[in-house]
Amino acid sequence: MDTRIALIGIIVENEECVEQLNKLLHEYGEYIIGRMGIPYRKKEINIISVAIDAPQDVINALSGKIGRLNGISAKTVYSNVKNTQ
């Protein structure tokens, strides 16, 4: 199965949706390499980066679901490295 390595950048402006975001990340946990969250208290937002190694359709599905959450934005950057497993 071909997989891609990507980084999903997430900005959380609505803390009420954090539980839904965490559920999604847990659901896709088998593909997640790691994640880092930075609270930016001065602006009352949270910045999260998620490194993922998964088939492209899985990455797209996760990024799309995150982006549809109210008050949460997500953008994905792909590596040119493809893995065949």
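These are my notebook entries on a predicted model.

**Ground rules.** I work with a predicted model in which local features need pLDDT of at least 70 and side-chain atom pairs count only at pLDDT 80 or more, while totals for chains, interfaces and linings use all residues. Residues are numbered from 1 along each chain as its sequence is written, and side-chain values use heavy atoms, with hydrogens and water left out.

**Entry 1: the core.** I began with the largest nonpolar core and found 20 residues in it. For the term, I take buried Ala, Val, Leu, Ile, Met, Phe, Trp, Tyr and Cys residues joined through side-chain atoms within 4.5 Å. Buried is under 20% relative accessible area, exposed is over 50%, and partly exposed is in between (1.4 Å probe, protein chains only). I8, I10, L21, I52, L62, I66 and I72 have the most contacts inside this core. At least two of its residues come from each of β1 (2-12), α1 (18-27), β3 (45-54), α2 (56-67) and β4 (72-84). My helices (H or I, at least four residues) and strands (E, at least two) are DSSP runs, numbered from the N terminus.

**Entry 2: helix α1.** Which residues of α1 are buried? I noted L21, L24 and L25. Seen down the helix axis, the buried residues of α1 fall within an arc of 95°, so they line one face; the arc is taken from the directions from the axis to the C-beta atoms. E19, K23 and H26 are exposed on the other side of α1. I then listed what L21 touches, setting aside residues up to four places away in sequence: I10, V12, I48, I66, L69 and I72. Contact here means heavy atoms within 4.5 Å.

**Entry 3: the salt bridge.** How many salt bridges does the structure hold? I count one, using a side-chain nitrogen of Lys or Arg within 4 Å of a carboxyl oxygen of Asp or Glu. E27 pairs with K65, and their closest N and O atoms are 3.8 Å apart. E27 belongs to α1 and K65 to α2, so the bridge ties together parts 38 residues apart in sequence. K65 counts as partly exposed because its relative accessibility is 30%.

**Entry 4: S63 in α2.** Is S63 buried or exposed? S63 sits in helix α2 and counts as buried, at 13% relative accessibility. Residues up to four places away aside, S63 touches I8, A74 and T76. From S63 to I10 I read 9.0 Å, C-alpha to C-alpha, across 53 residues of sequence.

**Entry 5: Y78 in β4.** Y78 is in strand β4 and is partly exposed, with a relative accessible area of 26%. Outside four places in sequence, Y78 is in contact with R4, I5, A6, Q56, I59 and N60. Its C-alpha atom is separated by 24 Å from that of I45, 33 residues apart along the chain.

Entry 6: Which residues make the nonpolar surface patch? I found M36, I38, Y40 and I47, covering about 340 Å². Strand β2 (residues 32-40) gives the largest share, three residues. Y40 lies in that strand and is partly exposed at 35% relative accessibility. A patch is made of residues with over 30% relative accessible area and no salt bridge, with nonpolar side chains (Val, Leu, Ile, Met, Phe, Trp, Tyr) joined within 5 Å and like charges within 9 Å. Areas come from the Shrake-Rupley method with a 1.4 Å probe, and for residues only the protein chains shown count as cover.

**Entry 7: E44.** My last stop was the loop between β2 and β3, where E44 is found. E44 has a positive phi, near 55°, in a residue other than glycine. E44 is exposed, at 65% relative accessible area.
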